[in-house]
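Hello,

Here is the structure I promised to pass on to you. Have a look at it first, and then read my notes below.

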Amino acid sequence: MCTGRALNPGPEPALLRKSDKSPRVLEAMGNWTLETISWDRFDASRVDPEILRNIKAAALVERNGGDYRIYLGRVFADDPAFVQAVDTWATEEIQHGMALGRWAEMADPGWDFDEAFERFRAGYKLPLDASSSVRGSQAGEMMARCIVETGTSSYYSALKDAAAEPVLKQICTKIAADEFRHYKLFYDQMRRCLARDRLSRWARLRIGWGRLAESEDDELAYAYFAANEPFDAVYNRERSKRAYARRAYPLYREFHVRRAMAMMLKAVGLQPQGRLNSLMTRAGLWFLRRNASKYAAQGARSEEHTSEL
């Protein structure tokens, strides 16, 4: 339908309704639940403390999926079938957060997931009063979501390949598979909306590039801060952004980047494979490696300075 009227966004996601045991929801959960994770295989000796800090941040962002459900419910209020799919998507996002948060509490028994989430929610807000897409159209909104799912699927794939701790590896494998399905959900909806919105490749590229730039905004940076810094610390977006990135960027390998570039090119409407993909993959790897080294050096200097105080 794709008209973007503002109506009631509907009920909250299923994981927030503790009494809801709808078979529809359970069947759509990517064939896994918190109960199917092999928690008894947890091995504290194989926890990477650097990865742990980023997992704590990711848990907060994923658990906040209910707010995105409200926003997308408003943007697509004219399309009940898609809103139902968004409800399932948000339920899965929240499940990702709950799984990552539970793992982080096992890895660091002194960390309180609920307390960190409340801190994150108090300091980071989405535009829930929006009645239409901030991207200008429903197709544009789906283009932006394709970019987000490209980023999350590649990141959890990289985490899965880097993790030595078996339970974290299992969780990241499940989440990565979900994120690839989420990309398809939003890509298919974008294709339907394009029949009316008629976004050019250039317009899709502009929206996609803009959403990539937003990965530098407050969401991940503040999540890292809320998850890891003392309660009396003062938030500094640049410092938190660098702290997260210097732990995330080294995890990526060429095949992670190449697949991510193929997904972005497909969303724009270009050939996913070929010379352009190769060029973008090389550029992406250069960016990741250059900034990983730069942020690591800055982090080392910061830690040295702190130890001298």
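**What I found**

The protein chain has twelve helices and zero strands. Please keep in mind that this is a predicted model. If you follow the chain along its sequence, the pattern reads α-α-α-α-α-α-α-α-α-α-α-α.

Next, the chain as a whole. It has 309 residues, and buried ones make up 50% of them. The protein chain exposes about 15,100 Å², with carbon and sulfur atoms supplying 54% of that area. I also looked at contacts between residues at least 6 apart in sequence: 82% of these join residues at least 24 apart.

Now for two residues you can look up yourself.

Start with Gln138, which lies in helix H6, a helix covering residues 138-162. Is Gln138 buried or exposed? Its relative accessibility is 3%, and buried means under 20%, so Gln138 counts as buried.

Then go to Asp112, in the loop between helix H4 (80-107) and helix H5 (113-123). Asp112 counts as partly exposed because its relative accessibility is 36%, and that class runs between the 20% and 50% cut-offs. On the surface, Asp112 gathers with Glu105, Glu115 and Glu118 in a patch of negative charge.

Happy exploring, and write back with any questions!

Best wishes

Terms used:
Residues numbered from 1 in each chain as written. Predicted model: local features only at pLDDT ≥ 70, side-chain atom pairs only at ≥ 80, totals over all residues. Heavy atoms only, no water. Helix = DSSP H or I, 4+ residues; strand = E, 2+ residues; numbered from the N terminus. Buried < 20%, exposed > 50% of the residue type's maximum accessible area, 1.4 Å probe, protein only. Patch = residues over 30% accessible without salt bridge, like charges linked within 9 Å, V, L, I, M, F, W, Y side chains within 5 Å. Areas by Shrake-Rupley, 256 points an atom, 1.4 Å probe, with all protein chains shown as cover. Salt bridge = Lys/Arg side-chain N within 4 Å of Asp/Glu carboxyl O. Lys, Arg positive; Asp, Glu negative; His and termini not counted. Charge placed at Lys NZ, Arg CZ, Asp CG, Glu CD. Contact = heavy atoms within 4.5 Å.
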